[in-house]
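Me: I have a two-part model open and want to go through it with you. Can we start with the layout and then look at the helix packing?

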Amino acid sequence: MRPYLVILKAEIFALFISPSTYVATFYFLSLLGFGFRFFLESFSFTDWILPPLSSLVIGLLFGSPALIPFITMRSFAEERRLGTLETLMSAPIESFVLVLGKWSACYLFFLIITCLSFCYPLLVLIIFPEQGINLGFDKIEYWTGGGLFILLYGGSFTSIGIFASSVTKNQMVAGMLTFTLLTIYISLMAFSFGETTHESYNHIYNIIEIGLGNLGNGLKKLEQFSVGLIDIATFFNQSVLIIFFLVLTTIQVNRLNR
Amino acid sequence: MKVENKPMPIIEVINLKKAYGNINALKGISFSIGKGEIVGFLGPNGAGKSTTLRILSGIIPADSGEAKVCGVDLAEEEGQVRNHIGYLAENNPLPEDLRVIEYLKFRANLKGLQGSRLRERIKIVLDVCDLERKVSERKIGNLSKGYRQRVGIADSLLAEPRLIILDEPTIGLDPRQSAITRKMMERLRGEVSFLLSSHILSEVEACCDRMLILSHGQIVAEGTLYELQKKFIKNTIFQVVAVGKKIELQKKIRSIDSSCELIEDDPVEISGKRRFTFSTSKGESIAEEIIRSLLELNELHVSEFQITRPDLETIFLRATKENWEEKDITARKKAKKTKNHTPTGL
């Protein structure tokens with residue numbers, strides 16, 4: 001446990017002293033805030049059936065490919081460039097613990113940004129309570145559902161970022177790879193949104209869906225989460241995805257030292 | 001009957017093998033290192049030095065063979081060994097954004113040091129490695145090569161390891177900085193065992209108790225400098241500085257030792273004296289006898305007499321040359337065999 005905490009602390013420290021993360025966070029939160037304000041202004045003219053808070057979650061989800069690479073690209077790519085991975089592995093620490101520590105730090109940073117973005121609806125509720133209540137910002141189930149959804153997907157997104165960082169020595173390449181993988185992932189969700197499934201292979205599809213991690217129907221699940229309906233299968237398959245990419249990263253780290 | 005309890009060696013390696021694809025980096029090496037010993041690991045580039053050190057540090061696994069470090073079997077508890085050793089990697093990679101003190105705190109934490117013990121150990125290693133306060137506050141990226149090397153060594157000393165493995169510790173250091181590294185090892189001599197690889201032979205000669213010479217993944221020589229001198233240099237070389245005729249001197253020496261041969265005859269500046277270099281196969285025992293007889297000859301005016309011992313460089317070249325030659329012969333035999341087996345065309 002101790003080596004994990006040491007790595008976690010060091011990685012958080014490294015993220016906080018890195019200017020790139022501040023720049024990325026600033027632009028991300030600014031754009032998200034602007035978009036959210038625009039959405040609230042035009043909300044009454046749209047046929048949006050979900051709670052307005054879900055628009056923020058969608059903003060976070062679709063904005064992730066632009067944010068997560070800045071958080072994760074440094075973790076292993078920089079170690080590989082400097083050659084410090086060997087020095088790190090000479091200390092009494094297991095490679096999975098190292099990967100877990102680095103992922104946790106990135107994930108924690110992502111959660112901080114998520115929390116900051118959730119301040120927007122909170123501010124609306126505090127400053128304009130009447131409008132805030134009308135928009136459903138006082139409903140705890142909306143906050144919990146939306147928060148949990150982004151918590152789960154943030155975990156798998158950061159694990160993909162960590163994996164991408166371990167396959168190259170170049171931070172930029174790691175960043176671009178993360179962006180590409182996340183864009184493909186989100187595109188799959190967007191393209192398959194609203195598509196009906198055939199009854200004949202519905203059962204098989206369900207098994208794959210549970211196992212592989214809602215690759216196809218993430219946005220469909222968001223509909224449930226945003227009204228406070230928690231889907232246990234999403235918990236399971238996102239955890240599978242996180243573990244899968246963390247194990248892949250561990251294999252890669254071990255391979256690098258061979 | 002008295003039973004002698006032999007202390008357990010810090011490193012015990014038996015028939016260790018490692019291959020990278022088709023390349024056999026280690027072809028079954030065996031050696032052991034005792035407590036408090038400083039052992040130099042020598043060998044040409046690609047001999048397998050770094051591979052051996054990385055295996056012993058628990059960073060990479062061996063393909064086969066047995067290796068025990070501080071009593072820990074590497075095959076069974078690879079990670080466990082890292083609790084007992086300090087390791088300085090080749091080229092000493094360090095994070096550039098951190099300050100020296102921050103880096104040492106991070107490493108100490110990672111090695112399980114806490115609270116007052118952590119502070120005390122950092123203070124001690126900064127002192128041992130001559131990293132004054134001003135340097136410890138600087139960013140590693142802004143440090144000179146020498147200081148960076150010292151930071152790496154300080155890191156390896158942090159957890160009071162029983163064994164310190166240093167891969168090229170003095171590479172790129174100026175003589176003063178190399179001397180500081182030597183001084184550090186001298187301070188810890190007896191308490192900690194050192195295994196260091198180096199290309200700087202004078203460095204190894206100056207501070208190591210014993211040497212291991214590796215070539216093509218095999219140990220080609222092992223022992224103290226004296227043992228290696230005896231093993232690889234069969235003839236004893238001695239020099240005589242005298243005024244007089246070469247023939248007379250030669251005659252006198254030959255009368256004592258008929259195998260003795262004159263190798264060189266050089267003038268010594270403008271003094272009129274000459275430096276005669278002889279080689280004998282009868283060893284150093286004959287030297288005493290020769291000098292006694294030369295002193296009897298008044299016309300020779302012998303002013304200097306010394307036995308020159310071959311340095312480590314000579315031994316290193318001799319030991320690795322033998323291995324190169326063996327490899328060459330094997331390769332030629334193999335080529336010849338292949339040629340003979342190749343079917344002739346129509």
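**Layout, confidence and packing**

Reply: Chain B is divided into domain 1, residues 11-230, and domain 2, residues 234-308. This is a predicted model.

Me: How far apart are the C-alpha centres of domain 1 and domain 2 of chain B?

Reply: Those two centres in chain B lie 45 Å apart.

Me: What are the ipTM and pTM?

Reply: The model scores 0.79 for ipTM and 0.79 for pTM.

Me: And per chain, what is the mean pLDDT of chain A?

Reply: Chain A has a mean pLDDT of 83, with 89% of its residues at 70 or more. For chain B the mean is 81, and 92% of its residues reach 70 or more.

Me: Where in chain A is confidence lowest, and where is it highest?

Reply: The lowest is helix H11 of chain A, residues 202-212, at a mean of 58. The highest is helix H6 of chain A, residues 95-117, at 93. Where pLDDT is low, the predicted coordinates should not be read in detail.

Me: Which elements of chain B have the lowest and highest mean pLDDT?

Reply: Helix H11 of chain B, residues 312-341, has the lowest mean pLDDT, 70. H2(B) has the highest, 92.

Me: Since H2(B) came up, how does it cross helix H5 of chain B?

Reply: Helix H2 of chain B covers residues 100-110 and helix H5 of chain B covers 145-157; their axes come within 10 Å and cross at roughly 25°. That angle is why H2(B) counts as roughly parallel to H5(B). The crossing is right-handed.

Me: Which residues of H2(B) and H5(B) meet?

Reply: From H2(B), Val100(B), Tyr103(B), Leu104(B) and Arg107(B). They meet Val151(B), Ala154(B) and Asp155(B) of H5(B). By class, this contact of H2(B) with H5(B) has five nonpolar residues, two charged and no polar.

Me: Switching to chain A. At what angle do helix H3 and helix H10 of chain A pack?

Reply: About 155°, with the axes 8 Å apart; helix H3 of chain A is residues 53-72 and helix H10 of chain A is residues 171-191. Because of that angle, H3(A) is roughly antiparallel to H10(A). H3(A) and H10(A) also make a right-handed crossing.

Me: What does H3(A) bring to the contact with H10(A)?

Reply: Leu61(A), Phe62(A), Ser64(A), Pro65(A), Ile68(A), Pro69(A), Phe70(A) and Thr72(A). On the H10(A) side they meet Gly175(A), Thr178(A), Phe179(A), Leu182(A), Thr183(A) and Ile186(A). The contact of H3(A) with H10(A) divides into nine nonpolar and five polar residues, with no charged ones.

Me: How are the axes of helix H4 and helix H9 of chain A placed?

Reply: Helix H4 of chain A, residues 74-82, and helix H9 of chain A, residues 140-166, have axes that come within 6 Å and cross at roughly 15°. So H4(A) runs roughly parallel to H9(A). H4(A) passes H9(A) in a right-handed crossing.

Me: Which residues of H4(A) and H9(A) meet?

Reply: Ser75(A), Phe76(A) and Ala77(A) in H4(A) meet Ile162(A), Ser165(A) and Ser166(A) in H9(A). The classes in this contact of H4(A) with H9(A) are three nonpolar, three polar and no charged residues.

Me: Last topic, the two chains together. How many residues of chain A are in contact with chain B?

Reply: 19 residues of chain A contact 20 residues of chain B. On the chain A side, helix H1 (2-17) and helix H5 (84-89) of chain A are the elements that give two or more residues.

Me: Which element gives the most on the side of chain A that touches chain B?

Reply: H1(A), with six residues. By class, that side of chain A has 10 nonpolar, five polar and four charged residues.

How values were computed. Residues are numbered from 1 along each chain as its sequence is written. Chains are lettered from A and ligands numbered from 1 in the order in which they are written. This is a predicted model: local features need pLDDT of at least 70, side-chain atom pairs count only at pLDDT 80 or more; totals for chains, interfaces and linings use all residues. Axes are lines fitted to C-alpha atoms, for helices over the stretch in contact, and angles run from 0 to 180 degrees between N-to-C directions. Helices (H or I, at least four residues) and strands (E, at least two) are DSSP runs, numbered from the N terminus. Angles under 35 degrees count as roughly parallel, over 145 as roughly antiparallel, 65 to 115 as roughly perpendicular and the rest as oblique. A crossing is left-handed if the near helix is turned anticlockwise from the far one by less than a right angle, and right-handed if clockwise. Two residues are in contact if their C-beta atoms, placed from the backbone, lie within 7 Å. Ala, Val, Leu, Ile, Met, Phe, Trp, Tyr, Cys and Pro count as nonpolar, Asp, Glu, Lys and Arg as charged, and the others, Gly among them, as polar. Domain bounds come from an automatic or database domain assignment. pLDDT is the predictor's confidence in each residue, from 0 to 100.
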